[in-house]
Amino acid sequence: MAGRKYDLTIPDLSGKRTVVTGASDGLGLGIATELAGAGAEVVLPVRNRSKGEVAVTTIREQHPDAELRLVDLDLSSLESVAAAADTLRADGSPIHLLINNAGVMTPPERQVTTDGFELQFGTNHLGHFALTGGLLPLLKAGQAHVTSQVSIAARSGEISWDDLEWEREYDGMRAYQQSKIAVGLFGLELSRRSAAAKWGITSNLSHPGVAPTSLLAARPEMGRTKDTVQVRTIRWLSARGLLVGSVETAKLPALVAAIGADAKDGGLYGPQWPGNAGGPPGEQKLWPPLRSLDDASRLWSTSTELTRVTFS
């Protein structure tokens, strides 16, 4: 059962400029490698330049002629996000595909971004909101498609409107759920606003299911000094092809959502086994927390106020 694979037809992407956040390791690296292999130019915005250089080397080991570009980006700093967007706008090259993939998960104690936002909400949602807004002229020019990576955690939960930054009572998993619900609401609202304003941008969502990535592994910078019980269990199940996916299969929903021939604007794509933790990629119904148009509109307005980034 281990090593299960699923076929995915990737079109020729020669001449397309793509941007993948979180591409220095894990799912993002796998996604970037597939796009590079299809001929796309891949921009890797990375927080750690050394890890980014290793990622470039890894991709070129498989695709020696890959066209790659590293750009410095720390999604937990709005100043860094603005600088990355400025750098790419200075290039002047249209962007044809943006995959908002990077994320952080459940630090044991509440942490904040450079700008004082709760770390998960600030990084996973506000950072990507500001980046997408900063790249809007290039996305319009490329008639781009945007895929935002949510999480199976967003099947339940809600936006904590009365304590958005979790200052009164921090719960790492509930804060993570909120951040990923926010990512989803943003991706769907981007689709609607683009259609209304005729930006020419399409936008949808993907989620990787459950896989043994580094999100729940030891990460000292997150206050997690050792691997969690959850990630050890996930590794055991994944190695045996049971219930959950692998790093190889978990990258596929984002690719189907981003470049699949039948990918729908405003759709959600993820693994298809019962429970959606593993299995072949495909379309699924939007989860209840992602369906509220009022929440999506309110979140957009709130995010604009917090980041001071406008989509105009």
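Select Thr106 to begin, and you will find this residue in the loop between strand S4 (97-100) and helix H4 (119-134), where helices (H or I, at least four residues) and strands (E, at least two) are DSSP runs numbered from the N terminus. Thr106 has a positive phi of about 40 degrees although it is not a glycine, and with a relative accessibility of 14% Thr106 counts as buried (buried means under 20% relative accessible area, exposed over 50% and partly exposed in between, with a 1.4 Å probe and protein chains only). This is a predicted model, in which local features need pLDDT of at least 70 and side-chain atom pairs count only at pLDDT 80 or more, while totals for chains, interfaces and linings use all residues. Residues are numbered from 1 along each chain as its sequence is written, and side-chain values use heavy atoms, with hydrogens and water left out.

Next, select Lys198, which lies in the loop between helix H6 (172-197) and strand S6 (202-206). Lys198 also is not a glycine, yet has a positive phi of about 60 degrees, and at 71% relative accessibility Lys198 counts as exposed.

Now move on to S6 itself, where four of the five residues are buried, so this strand is largely enclosed by the rest of the structure.

Finally, select strand S7 (residues 268-271), which pairs with S6 in the parallel sense over two bridges, and look for Leu205, which stands opposite Leu268 in S7.

How values were computed:
Pairing = 2+ DSSP bridges.
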